[in-house]
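Subject: Structure handover and findings

Hi,

Here is the structure we talked about passing on. Please load it first, then read the notes below it.

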Amino acid sequence: MAEGEGVGPPPEARRGGVGKGIVTVAVVVVAFLALVGGLALGPLVFPPAPQIATLVVGTNIPFPPFEDYNTSTSTFFGFDIDMAKMIARATHRTLVVKNYADFDALLTTVGKNGVDMAVSAITSTGQTGANRSKFLTFSITYYDANQGVLIQTSNPIGVNCPSQNCTDPSILDKTNYVIGVQRGTTSESWTSANIKNATVRNFTAVDTELAALRAGSLTAVIIDNGPAGAFAAGSGGALVVAGTISTGEQYSFAVAHLDPQELIPVINGVVYTSQQNGTYQRLITKWFG
């Protein structure tokens, strides 16, 4: 209540106009004090809404069945995305997915702690993994992979991988071949080490190199075997996997070097638990058939 409540009016209040003016001033002063007091107590009475903690995950699409985007529902989906959802729940955060058109930019960003984690079929083994470990910290591995050779079904230049085994570099290392790879990936590092005669074209985006393959500008695209199969299956019969290049890679999730947010123990726990309780196998069946 206002100050002075319950106290009789002062003598001035019984005298005509002067009393009226004093009462008016008193009311204004009390109102002002109440306003100031309200402003001061506002944060206490009405505290700001707590901010929702987020787990910001970086990815690089399209790379089905690991990560892709549904334009109709404006949502990311895929095997990696489902794993990321479980990790977000384990950290009690809301998942936020950000796409990076450039795979190298994604890895650089997570290395600088620009996003909390990268989920993008990232090879953590071999020399490529060793190089990346200089600026990234990896979770335990969660998927075994090789490279695939994607070609036009018409196969105008006659790429031939005996028994669908394209591991021998001489199969693709021909002077009239033009091979597409995505920049910053193990596809690029494999061609750099093994292809000396064929022309290699490096692409920033996967969809761009696939368009070049469909247009006949490329003889083949070398890409991880899982996505190679997914792209062939979704091509309406235009593309086919000629075979596999055995590279013995393994994927991991990545965070900034030395794990400044201490996410790796949580990520490892989710991967391990999912493999033990059958969730992992259900996701494999869901996304790989």
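What follows is a short account of the fold, the helix packing, the cores and the backbone.

**Overview**

Keep in mind that this is a predicted model. The protein chain has 9 helices and 11 strands. It runs to 289 residues, of which 42% count as buried. Take the contacts with a separation of 6 or more: 71% of them link residues 24 or more positions apart.

**Helix α2 and its two partners**

Start with α2, residues 79-90, and α9, residues 279-288. Their axes are 10 Å apart, and the packing angle is about 150°. The cut-off for roughly antiparallel is over 145 degrees, so α2 and α9 are roughly antiparallel to each other. Their crossing is right-handed. On the α2 side, the contact uses Phe79, Asp82, Met83 and Met86. On the α9 side, it uses Thr279, Tyr280, Leu283, Ile284, Lys286, Trp287 and Phe288. By class, the contact of α2 with α9 holds 8 nonpolar, 1 polar and 2 charged residues.

Next comes α8, residues 264-277. The axes of α2 and α8 come within 9 Å and cross at roughly 120°. That angle makes α2 oblique to α8. This crossing, too, is right-handed. Here α2 contributes Met83, Met86, Ile87 and Ala90. Helix α8 contributes Val266, Ile267, Val270, Val271 and Ser274. The contact of α2 with α8 has 8 nonpolar residues, 1 polar residue and no charged ones.

Met83 and Met86 are worth a look in the viewer. Both take part in the contact with α9, and both take part in the contact with α8.

**Nonpolar cores**

In soluble globular proteins, nonpolar side chains tend to be buried together. Which residues of the largest nonpolar core touch the most other members? They are Phe79, Met117, Tyr143, Leu150, Phe253 and Ile267, out of 41 residues in that core. Helix α2 supplies the largest share, 6 residues. A separate core has 17 residues, including Ile151, Tyr177, Ile179 and Ala242.

Phe79 is part of the contact of α2 with α9. Ile267 is part of the contact of α2 with α8.

**Backbone points to check**

Where are the cis peptide bonds? One joins Ile61 and Pro62, with omega about 0°. Another joins Pro64 and Pro65, with omega about 5°. Pro62 sits in the loop between β1 (54-59) and β2 (68-70). Pro65 lies in the loop between β1 and β2 as well.

Two residues other than glycine have positive phi. Ser74 has phi near 55° and is in the loop between β2 and β3 (75-77). His92 has phi of about 60° and is in the loop between α2 and β4 (94-99). Is His92 buried or exposed? The cut-off for exposed is over 50%. At 72% relative accessibility, His92 therefore counts as exposed.

Best wishes

Technical notes:
Residues are numbered from 1 along each chain as its sequence is written. This is a predicted model: local features need pLDDT of at least 70, side-chain atom pairs count only at pLDDT 80 or more; totals for chains, interfaces and linings use all residues. Side-chain values use heavy atoms; hydrogens and water are left out. Axes are lines fitted to C-alpha atoms, for helices over the stretch in contact, and angles run from 0 to 180 degrees between N-to-C directions. Helices (H or I, at least four residues) and strands (E, at least two) are DSSP runs, numbered from the N terminus. Angles under 35 degrees count as roughly parallel, over 145 as roughly antiparallel, 65 to 115 as roughly perpendicular and the rest as oblique. A crossing is left-handed if the near helix is turned anticlockwise from the far one by less than a right angle, and right-handed if clockwise. Contact means heavy atoms within 4.5 Å. Ala, Val, Leu, Ile, Met, Phe, Trp, Tyr, Cys and Pro count as nonpolar, Asp, Glu, Lys and Arg as charged, and the others, Gly among them, as polar. A nonpolar core is a set of buried Ala, Val, Leu, Ile, Met, Phe, Trp, Tyr and Cys residues joined through side-chain atoms within 4.5 Å. Buried means under 20% relative accessible area, exposed over 50%, partly exposed in between (1.4 Å probe, protein chains only).
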